[in-house]
Structures are given as structure tokens and as C-alpha cells.
Amino acid sequence: MNNLKGSRAPRPPHRPSFARIERLLPSAGSAEAKLLGHVLRCEACTDAALSILKIGGGPSKGRRKPDYGSTLGRVEARTGEVFAWISEQGRRAADFVEELTRLPDEPARKQRVQELARIEPWLVAVALLKVANRLLRSEPERAAGFADLAVTAAEEITPDVAPLALKAGVLVQAHALRGEILRRVGRTWEARSAFARAQELISATTDDETRSLFCHLLSRFRQMEGRAEEAVALLDRAARL
């Protein structure tokens, strides 16, 4: 009896050898090594590098080659400004979030958010965005829940509280952040839906920082979908805003 019947040929190892990796790397301590170290640590730069590798580094026929260095620097700075703004909230926001975490389930938290948002929708929405951003890497599932609650709070913003353009901006940030979180945990269909909702609202906001953030996060999703040229174009657009 042939014991090899139905057996498969061994697959090559997924990871290259250390020797092969070493041959690709620049000399230790060189400017190129420092730049590569930054690219490997920086999520925005990693996204762009993968896109560039997929579509090729040379200029496309009849089209100007994007200035990737300038684009990435400006996108990183702009996104950092938005998330810094979200994080610069006071003690009242922290107390509110602590209260929410003590509630037993999601329906109870949503009800409490609606109650408080009828009084101070702006503060509640921004506080929830702050928590979602903080939990983005460590507890993405919880972060998605807080981003969803931020949408609930922002929906309560009325023209007497803030202009509708500002309401749209908060909603775009909440939907886009939720899309980014869902992308990270592999819930692709839900992430696509969140980005689509943000895209429906983007024309209603006049805030360039919010538009830049949306383009930046959507570029990561397009990269994941294999739409590399669109991902790079979104990064370039984010830098121009």
C-alpha cells in the first residue's frame, strides 16, 4: 500500500531566514537604517510602504509621482492633532466614562448616554471618542462599543448646541474610528459599512482635520482590500487638506 497517497508536498516556510533578511537591511546606524526603523514602527508609514510596493515605486505613465515623504509627514501630523484634541478633555469626561463602565450591559450604557447627551451632547460624544481612541490597540472590541456610543451621543447635537457642520464632523470621526477598529479585529463587512456612513457625512463638515483623518483611516482599509493605488491617493489627499 502506498503510504504517500493523498500526501501534500511540504510548503516553503512563511518567514524568510534571518540571513536573507540581513542581506536586505541597510548598515546598522546609517540614516537608511534609522528611516527603516521608523517605517516599521509607524503604522501610517507601514501602510504607505506596502501600498508603494504593490503599485511600484516608479512614476505611472502620464501622472506625477507623489511626494511620499511630504505626504506621510503631513498626514501623521494632522491625524496626531485630531487624536490629541480628542485626548485633551477634563475630569468630567473621565467621571462620565467611569460611570458607564460600571453599568451591566450595552443597552444600559446606551440608555445612559442618551440621557446625558440630551443635556451635554458635545461633551459626551467627545469623551466617548477619547475612550475609543485610548482602547484602540489594547481592547479593540470595547473600543468599537465606545465609538458606537459616540455616534449615539453625537446624534443628539442640535443647532442650538453646535452648528450642524460640527455635528457632522463628530459623526464622521466616530464612524471612521469605528471603521478602523473593526478593520483591526477582522470585522470587514461592518468596517466597510462604518466607512460608508462616514463618507455620506463628509461633505457636511467643513473641518479639514476631520476630512484628513477620514482619508487617512480609509486609506488603511483600502490597503487591506488590496486597492493600493486608491490607498496612496487617499494619503495624498489627506496631506493636501
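1. A salt bridge is taken here as a side-chain nitrogen of Lys or Arg within 4 Å of a carboxyl oxygen of Asp or Glu. Glutamate 180 makes such a bridge with arginine 184, with 2.9 Å between the closest N and O atoms. These two residues lie about one helical turn from each other because they are four residues apart in helix 9. By this rule the count comes to 17 salt bridges.

2. This is a predicted model, in which local features need pLDDT of at least 70 and side-chain atom pairs count only at pLDDT 80 or more, while totals for chains, interfaces and linings use all residues. Residues are numbered from 1 along each chain as its sequence is written, and side-chain values use heavy atoms, with hydrogens and water left out.

3. Overall fold. The protein has 12 helices and zero strands; helices (H or I, at least four residues) and strands (E, at least two) are DSSP runs, numbered from the N terminus. Of its 241 residues, 40% count as buried, where buried means under 20% relative accessible area, exposed over 50%, and partly exposed in between (1.4 Å probe, protein chains only). Among contacts with a separation of 6 or more, 67% are between residues 24 or more positions apart; contact means heavy atoms within 4.5 Å.

4. Glutamate 180 again. A second salt bridge joins glutamate 180 to arginine 220, at 2.9 Å from N to O. This pair links distant parts of the chain, with glutamate 180 in helix 9 and arginine 220 in helix 11, 40 residues apart. Both glutamate 180 and arginine 220 are buried. Arginine 184 is partly exposed, at 28% relative accessibility.

5. Helix 11. Its 17 residues reach 25 Å from the first C-alpha to the last, close to the 24 Å expected at 1.5 Å a residue (the expected span is 1.5 Å times one less than the number of residues). Helix 11 is mostly covered, with 13 of its 17 residues buried. Just after helix 11, glycine 226 has a positive phi of about 85°.

6. Glutamate 225 and arginine 227 meet through their side chains in a salt bridge of 3.2 Å, N to O. Glutamate 225 is partly exposed at 25% relative accessible area, and arginine 227 is partly exposed at 37%. Both belong to a salt-bridge network that links Arg192, Arg222, Glu225, Arg227 and Glu230.

7. Aromatic pair. The structure holds one. Rings of Phe, Tyr and Trp (its six-membered ring) pair if their centres lie within 6.5 Å; planes under 30 degrees apart count as stacked, over 60 as edge-to-face and the rest as tilted. Phenylalanine 195 and phenylalanine 221 form a tilted pair, 5.4 Å centre to centre with 40° between the planes. Phenylalanine 195 is in helix 10 and phenylalanine 221 in helix 11, 26 residues apart. Phenylalanine 195 is buried at 2% relative accessibility, and phenylalanine 221 is buried at 0%.

8. Nonpolar core. This term means a set of buried Ala, Val, Leu, Ile, Met, Phe, Trp, Tyr and Cys residues joined through side-chain atoms within 4.5 Å. The largest such core has 47 residues, and those with the most contacts inside it are Phe96, Val113, Leu128, Phe146, Ile181 and Phe214. Helix 8 gives the largest share of this core, nine residues.

9. Threonine 205. This residue sits in the loop between helix 10 (188-201) and helix 11 (208-224). Threonine 205 is buried, with a relative accessible area of 1%. Apart from neighbours within four places in sequence, threonine 205 contacts Ala165, Ala168, Gly169, Thr210 and Arg211.
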